[in-house]
Amino acid sequence: MEITELLKKMTLRQKIGQLTQYNARLFLNDDSYITGPDKKLNLSEEDIMLTGSVLNFFSAGDMKKIQKKHLENDPLGIPVIFMLDVIHGYRTIYPIPLGLSCSFDPELAKSCASMAAKEAAASGVQVTFAPMADYVRDARWGRIMESGGEEPLLSGMMAAAQVRGFQGEDLKDNEKLAACVKHFAAYGASESGRDYNQAECSVRELYDYYLPAYKAAIDAGAKLVMPAFQSLNGVPATINPFLYKVLRGEWGFDGVVISDYNAIGELIKHGVAENEKEAAAKAFSCECDMEMCSATYIHYLEELINEGVVSEKQLDKAVYRVLELKKELGLFEDPYHGADEEKAEKLYLCEEHRKLSRAAAENSAVLLKNDGVLPFDKNIGSVAIIGPFADEHGINGFWSCAGKNEDTVTVREGIEALLGRGRVLCAKGCGCEWDDKDKSGFDEAVALARRADAVVPCLGEPQNYSGEGNCRTDLRLPGVQEELAALIASANPNTAAVIFNGRPLVLSAIDECIPAILDMWFPGTEGGNAAARLLFGQANPCAKLAVSFPRSTGQVPVYYNHTMTARPHFTEKPEHKGYTSDYIDCGNLPLYSFGHGLSYSRFEYIQMTLSGTELKEDGAITVSVNIRNASDIDGSEVVCLYMRDPVASVVRPVQQLVAFEKISVKAGETAKAVLEVTGEAVKFTDGEGNRIFEKGEIVLMVGCPGAYLLKESIKAV
Ligand code: GLC
């Protein structure tokens, strides 16, 4: 298919139709396109038939029905392109991206994305609105669950890995999807952690923190970009000239930019467009190619072209991008791109996919604390599983696509599968809603805790307390869970808590009374089996936090790569002396830092050797780190190399990750991690937006922020 030839045959309306995307429901019921929630779009039947893209459908059958009807009515035979939020699995669900990021395992993320693509493509999906590459420091923001966390390097590597997993080598492969990186840009900086709220970011913060992960995804080949809902420095991202200058100008991205849901229509709400016509003019002039679920383009672009506000040349450029994407996916040859109900049903929850989901959950779970309680002995007499998540199926997390709660394995089911039903006691004890103060279940729960040989409080926040639009002002465990945990801990010291969460929670009260804490995030389909295997030592925790956990909500945002300030006083306890950058009523270090995570093995950092001590701008220094597993348990360790630039022309973070490698080390053996620090890695952005390499000392550290084990100095020359 020669796109330029096809463009010549298209009418203006046909071209504009290619830039529109609406909900599948408009196409599935004969009369629904002019009734129901989409009525406000005022779409005619012709508008619907001209539509170039559809989203939010959940079966190959529906997709085929829409495609077939469309092709029967389109004289040019231009196929519809089908898009969906396949964020962390299609039907077999793996951990939320924030959890998966804690694995520090891009290859694992790639494998998970590849699995999701297989199930999704068989179900009719051709484009996924993922990876989400928003840099986030504020745990109040519900969408932190979709992110890669507070470290730009890690977040970018995980986003790039997802792109490679979704897209593979050839988009014509019927088991691959085109990836749409989102939300460009700095959505994670929404003020007060309130969704859709304004973001104000300096050029320095943008280039050094908020932009890198999007660029990593684009460099990995992401085919689409979705601008964010919120305003950035006073201009909504959808029409932000600075962002398009970076995206199209500096980064040379020439793929499809698709608005977020109704984001163009919402420019009126933002107060930057008088009406839909102005909204269309502003968005289109920025080269926002496609409009998702608002109808300004279909209603006004023709008029704007006739008035000379935008040109048909600009229109052709946008339509070319969309047709090029359809061509890359092979849709002109195979408009169904492998959609196959039978194949999809065979793939959903198959043993191979469940196995990968379980491995992902095991490698994402972070052992936050372990005062010798874990792993439990498999031959234990009885175990009491207590709490709102003891037997809870709602552990897929937000954005779990076609995943179903009933598909998941609960903690109770996982432990019963491991130990047998006879030795497992279970009580809910209390709820997990923020206003649920009912303690009537406490007595039963505490009685079980007393009786059992070991206790597993399963606590957390409901899966709909994070995700889009779901933000919190109090990050503690909702309801009366903290009280329940304290009673259980005093009833039985052999207690290990399992936490289910979509964000860093304030676990200070739990940390004070519970001797072991395993954070599962929202682990997905196999969560209960993964938790059971980790608790009883069939799997060895190896994840490290991709985001810091605050001591109190008042600390937020609290993150590891902060600057020193002129009056530093970093404490765990409230030790306020006055005239220092800390708090009167709380320590200013997080409860658990980025990079923190325990194992059942005991790793000793023996030696750090450098290939040199002078680092040129275009050079690199190899850092080898010898690690010994001083325990009798085989394990894996994420070896992280951090740097600090003690003196520079702008304030620099007290530490920043420059490289990491996950290595397996057998019991009693030694292994080597080989890492690299490059001249590029020590560059930074100054106040004017210049990317600079400055000569001077750079300190390299290995271990965990706040507890470095090895340090060496080099010189940037
Ligand atoms: C939502 C989200 C975006 C998603 C899109 C389509 O509002 O902001 O992440 O991809 O709409 O569902």
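Predicted model: local features only at pLDDT ≥ 70, side-chain atom pairs only at ≥ 80, totals over all residues.
Biologist: Let's zoom in on β1 and β2. Which residue in β2 is the bridge partner of N23?

Modeller: Strand β1 spans residues 20-23 and strand β2 spans residues 53-55. The two run parallel, joined by three bridges. For N23, the bridge partner in β2 is L55.

Biologist: There's another open sheet, with five strands and mixed pairing. Why is one side of β18 and of β21 left without a neighbour there?

Modeller: The order in this sheet is β18-β26-β25-β20-β21. That puts β18 (614-615) and β21 (656-665) at the edges, so one side of each has no neighbour in the sheet. The reason is that each has a single partner strand.

Biologist: Which residue in β26 stands opposite L615?

Modeller: Strand β26 covers residues 707-716, and two bridges join it to β18. These two strands run parallel. Opposite L615 stands A716.

Biologist: Now the ligand. How far is a polar side-chain atom of D85 from an oxygen atom of the ligand?

Modeller: There are 13 residues around the ligand, and D85, R143, K182, H183 and D260 come nearest. For R143, a side-chain N or O atom is 2.7 Å from a ligand oxygen, and for K182 a polar side-chain atom is 2.9 Å from one. For D85, the distance is 2.5 Å.

Biologist: How much of the ligand's exposed area does the protein bury?

Modeller: Start with the ligand taken alone, which exposes 310 Å².

Biologist: How many residues of the shell around the ligand are charged?

Modeller: Sort the shell by residue type: seven are nonpolar and one is polar. The charged group in the shell comes to five.

Biologist: What is phi of Y196 near?

Modeller: Find Y196 in the loop between β5 (178-184) and α9 (203-210). Its phi is positive, in a residue other than glycine. The value is near 70°.

Biologist: Stepping back, what radius of gyration does the protein chain have?

Modeller: The C-alpha atoms fill a box of roughly 75 × 65 × 45 Å along the principal axes. With 717 residues, a compact globule would come out near 27 Å, and the chain's own value agrees with that. The radius of gyration here is 26 Å.

Biologist: Last one: in which helix is confidence lowest?

Modeller: The chain's mean pLDDT is 97, with 99% of its residues at 70 or more. Confidence is highest in strand β6 (residues 224-227), at 99. At the other end, with a mean of 88 over residues 25-28, is helix α3.

Key:
Residues numbered from 1 in each chain as written. Heavy atoms only, no water. pLDDT = per-residue confidence, 0-100. Helix = DSSP H or I, 4+ residues; strand = E, 2+ residues; numbered from the N terminus. Near = heavy atom within 4 Å. Polar contact = N/O pair within 3.5 Å; in protein donor to acceptor, adjacent residues only side chain to side chain. Areas by Shrake-Rupley, 256 points an atom, 1.4 Å probe, with all protein chains shown as cover. Nonpolar A, V, L, I, M, F, W, Y, C, P; charged D, E, K, R; others polar. Pairing = 2+ DSSP bridges. Rg over C-alpha atoms; globule rule 2.2 N^0.38 Å.
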